[in-house]
Amino acid sequence: MNPTNIKDPEYFHKVVDCQYACPAHTPVPEYIRLIAAERYTEAYMINWESNVFPGVLGRTCDRPCEPACRRGRVEEEPVAICRLKRVAADYKGDVKNLMPKGPFTPNGKKIALIGGGPASLTVARDLAPLGYEIHLFDEQPAGGGMMRSQIPSFRLPESVLNEEVGYILDLGIHAQFRTYVSSMKDMLGKGYDAIFVGTGAPRGRDLNDLPGRQEAGDHIQIGIEFLANVAFEHTSKIGKKVLVLGGGNTAMDCCRTSRRLGGEDVKVVVRSPKAEMKASPWEIEDAVHEDIPIYENHVPKSFVVENGKLKGMMFELVRAEYDEKGKRKLIPTGEPDVFFEADDVLIAVGQENAFPWVERDLGIEFDKWEVPILNKESFQSTLPHVFFGGDAAMGPKNVITAVAQGHTAAVSIDLFCQEKSLTEGRPSPLTNLIHQKMGIHEWMYDSSVASDLRYQVPHADKVKSLKDRLMEVELGYDDQLAFKEAQRCLNCDVQTVFSTSRCIECDACVDICPTDCITFTENGEEEDLRNRLSAPAHELDQDLYVSEELPTKRVMVKDENVCLHCGLCAERCPTAAWDMHKYLYNTAKAGGMKYA
Amino acid sequence: MTFVRPVFRHPESPTNRLGYTRKFYEGALSTLCAGCGHDSVSGAIIQACFEMAVEPHRVAKLSGIGCSSKTPAYFLANSHGFNSVHGRMPSVATGAYLANRDLMYIGISGDGDSASIGMGQFVHAIRRNLNITYIIMNNGCYGLTKGQDSATADFGSKSKAGIPNMYQSIDMAGLALELGASFVGRSFSGDKEQLIPMIKAAMSHPGFALIDVVSPCVTFNNNQGSTKSYDYTREHIETTAAVDFVPLMSEITAQYEEGNSINVNLHDGSVIHLSKLAKDWDPQDRHSAMNRLYHAKASGEVLTGLIFIDTETRDLHSLLNTTDTALNSLGKENLCPGSSVLEDINAALR
């Protein structure tokens with residue numbers, strides 16, 4: 001193998017698995033260390049720069065970082081990254097004066113943002129400080145998009161959302177709420193330099209073809225519409241017996257909301273096996289904790305309506321079978337159909353983006369699934385000054401993905417307005433590699449590896465929280481628990497940097513490495529090398545760090561997979577051939593702005 | 001400085017025949033200087049014991065005083081240990097071995113401990129042929145007292161202080177050969193491929209097995225002009241043969257070139273396989289081993305590998321015809337048979 005090019009900004013970035021997995025590439029270990037040091041405000045600002053909604057995401061994020069967390073490879077559970085983010089938001093001091101303060105010198109460009117969700121707000125946050133005049137349009141009475149309409153208050157208190165949406169609107173955004181944009185053509189005629197569409201995925205799928213659907217009337221509701229009606233207080237009660245169809249996070253929010261609106265016998269029914277449910281495991285856990293049973297392998301067959309009144313639903317029992325390609329087929333088991341009684345049914349079987357308001361003769365092209373055709377790198381549509389982001393761009397994902405796409409679109413819009421290329425010469429990430437040596441065998445980070453298991457986040461009393469849909473269920477870590485949980489972080493951003501010319505091949509690092517990451521051996525092709533290392537190195541997506549050739553004609557090979565970043569190799573290295581360097585990586589924001 | 005090793009190990013750490021991972025054979029975190037050769041030797045002992053599936057409670061590790069003699073704290077934490085008086089490890093080992101022949105003995109010593117203060121002890125342990133694996137971590141200096149030349153420092157070698165050594169050196173392997181040791185080897189801490197099978201072979205050998213390991217002192221004797229530095233050793237290293245140890249009950253899977261290799265069969269059924277043999281050298285002929293060693297010394301080579309082995313050796317217990325049972329397993333009636341037996345013995349001597 002060729003020697004690893006550690007100057008490539010992506011090499012060490014990839015080693016910080018949580019940050020690499022985060023769509024917005026939040027520097028996770030950096031802010032976790034700050035939390036351990038009780039520097040919550042700085043921790044918050046690092047988050048704010050990357051993910052714009054730390055308080056919201058610290059409660060509701062889909063956590064792509066946690067399955068990637070290295071801790072989960074050497075121990076049972078990853079670090080509670082998401083809930084530590086919330087700690088930063090809960091305990092921060094005054095952050096307002098650390099944020100950009102208007103009025104900003106206008107640069108003469110006007111941008112329209114359609115939709116007031118996480119993607120649009122991110123674009124607003126990134127562009128406003130650069131002097132853009134930003135006009136935001138949303139049909140809801142307040143900003144936040146699906147964060148407001150679809151995430152229930154017992155998971156995300158309104159005050160937290162208002163605060164973080166407020167930070168952005170306070171940058172001088174011209175927000176027009178309760179304004180439904182019904183024609184793109186009209187918008188195009190208003191002379192904006194660029195238009196960003198962040199309208200989300202507002203259309204919930206229905207089960208129109210199921211017998212009885214029409215007769216049952218308004219006792220059958222679409223999940224996201226139900227959640228929005230609850231959020232905006234158009235709906236305040238539901239029947240005692242509720243069936244929720246679907247296995248995603250919306251279904252979990254629907255069933256738990258139902259429990260708070262008077263639902264006593266609430267059931268979740270999914271077509272697939274439980275293991276394949278799309279909902280996050282912790283959301284499922286919370287639903288089960290609120291006495292909501294989940295029935296798997298039940299395919300809805302019909303709504304049972306008697307005398308114009310919904311009585312319940314029939315389900316067919318199936319089992320999942322998989323072909324060689326792993327494709328699933330649901331095969332009826334032949335058992336008798338099952339009937340569940342219901343006063344109300346909530347359908348949460350998916351949602352999609354919809355653009356009835358975008359005329360099709362404007363030059364904005366859509367593919368056969370009615371999804372806009374975009375440049376994947378810049379999020380530019382086929383009409384050059386129209387950009388898409390968030391669920392509107394690629395279909396329903398999650399808040400953090402919408403934020404990440406918002407950043408990207410903001411960079412694109414900024415480049416577009418300066419008449420620069422959107423694909424070539426996009427700004428590269430800001431990186432920094434900082435020496436961590438403080439003295440002999442002393443590091444600037446806490447290198448010892450805690451052996452504690454993951455700490456549970458305390459919950460509010462169930463009896464009380466089920467009575468009040470506004471009462472937040474999770475109480476969050478207190479400072480003590482937060483410290484202990486933060487200490488579980490392995491500091492993967494503190495990199496083991498190897499210098500071939502300094503190595504005397506004494507083997508000290510090989511002997512001390514607790515997880516057998518390091519091997520000195522003859523070079524070879526990657527496949528061959530992976531079989532000759534001190535410990536198995538089967539994880540192909542985890543890189544091998546290969547040195548130049550050493551005097552004994554061997555090379556140092558380090559499997560990054562389960563390195564604990566404990567620094568012992570560097571401590572036991574007599575010549576500092578191994579050294580620990582903190583690697584900071586921040587994706588470029590529009591205009592090269594830094595917020596933390 | 002980190003004093004506690006993380007508890008986590010590689011999730012796919014292999015297990016040996018007993019179901020233990022290597023972690024079970026580790027010790028405390030070393031407090032020796034970073035890069036000390038001794039830590040590599042500890043690592044080799046850990047690996048050898050792991051691969052041999054040694055039951056840790058069947059091992060006694062003994063040492064004297066010095067950097068080397070600290071190392072038993074850094075391996076085999078689940079075994080018996082005795083950190084004895086400077087240079088007196090062989091006596092303690094003799095007593096322990098006579099009392100309990102069921103344990104496997106690993107003696108750890110250094111050049112100061114064995115070649116100076118404990119020389120008298122060392123030579124008699126060889127003469128008596130204790131069944132022990134005796135490892136000398138040889139760095140040619142007194143590292144614990146800031147690097148004065150030791151008795152194994154080569155003539156003319158310079159330590160960090162920069163003054164050439166004016167005395168002749170003691171060659172511990174040559175001395176052991178002279179004294180009739182039944183297993184003599186030399187190795188280098190930076191060559192685990194050789195050291196690990198050698199330790200395994202020594203542990204399987206039923207008699208005194210000496211391994212003299214060149215183990216550089218990275219703080220006081222790893223400079224230019226030293227003959228015990230990493231660089232010097234790598235540049236001058238020669239081997240008698242490549243060593244492979246094949247324990248009892250395992251198949252020989254490696255492929256060897258015809259003609260240039262031999263098998264040495266040990267009494268317990270295991271085999272030491274030697275390949276790429278040096279010329280004019282027979283590991284089972286003491287005379288040729290001595291010749292090879294003197295030749296190496298004359299030509300400035302650091303000769304490593306198995307130097308000599310006598311597979312027909314008789315250890316101290318068999319020389320003394322002692323009981324097969326460890327003393328702690330004998331009952332009081334056997335250990336102290338009473339005054340009438342004493343009278344019978346005395347009468348027989350009159």
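How much area do domain 1 of chain A and domain 2 of chain A bury between them, and what share of it lies on carbon and sulfur atoms? In this predicted model, the two domains bury about 920 Å² between them, with 60% of that area on carbon and sulfur atoms. On the side of domain 1 of chain A, A:Gln150, A:Phe154 and A:Arg155 together account for 56% of the area buried against domain 2 of chain A, a contribution that exceeds that of any other three residues. The domain assignment places residues 100-202 and 353-417 of chain A in domain 1, and residues 204-349 in domain 2. The C-alpha centres of domain 1 and domain 2 of chain A are separated by 32 Å, and the contact between them involves 11 residues of domain 1 and 11 residues of domain 2.

The polar side of this domain interface comprises 2 salt bridges and 3 residue pairs in polar contact, both residues of each pair being at pLDDT 80 or more. The surface of domain 1 of chain A that touches domain 2 of chain A is made up of 6 nonpolar, 3 polar and 2 charged residues. A salt bridge joins A:Arg155 to A:Glu283, with 2.9 Å between the closest N and O atoms; A:Arg155 is also one of the three residues named above for their share of the buried area.

The interface between the two chains was examined in the same terms. Chain B and chain A bury about 2,500 Å² between them, of which 55% is on carbon and sulfur atoms. Of the area that chain B buries against chain A, 27% is supplied by B:Met1, B:Phe8 and B:His10, more than by any other three residues. In terms of contacts, 25 residues of chain B meet 33 residues of chain A, and the interface holds 4 salt bridges together with 14 residue pairs in polar contact, again with both residues at pLDDT 80 or more. In a salt bridge between A:Asp516 and B:Arg22, the N to O distance is 2.4 Å.

Over all chains, the count of disulfides is 0. A:Cys503 takes part in no disulfide, the nearest cysteine sulfur being that of A:Cys509, at 6.4 Å; with a relative accessibility of 13%, A:Cys503 counts as buried. For A:Cys517, the closest cysteine sulfur belongs to A:Cys513 and lies 3.8 Å away, which is too far for a bond, because a disulfide requires the two sulfur atoms to be within 2.5 Å. A:Cys517 is likewise buried, its relative accessible area being 4%.

Definitions and conventions. Residues are numbered from 1 along each chain as its sequence is written. Chains are lettered from A and ligands numbered from 1 in the order in which they are written. This is a predicted model: local features need pLDDT of at least 70, side-chain atom pairs count only at pLDDT 80 or more; totals for chains, interfaces and linings use all residues. Side-chain values use heavy atoms; hydrogens and water are left out. Buried means under 20% relative accessible area, exposed over 50%, partly exposed in between (1.4 Å probe, protein chains only). Domain bounds come from an automatic or database domain assignment. Contact means heavy atoms within 4.5 Å. Buried area is the accessible area (1.4 Å probe) that two parts lose on being put together, summed over both. A salt bridge is a side-chain nitrogen of Lys or Arg within 4 Å of a carboxyl oxygen of Asp or Glu. A polar contact is a pair of N or O atoms within 3.5 Å; within protein, one must be able to donate a hydrogen and the other to accept it, and residues adjacent in sequence count only if both atoms are side-chain atoms. Ala, Val, Leu, Ile, Met, Phe, Trp, Tyr, Cys and Pro count as nonpolar, Asp, Glu, Lys and Arg as charged, and the others, Gly among them, as polar.
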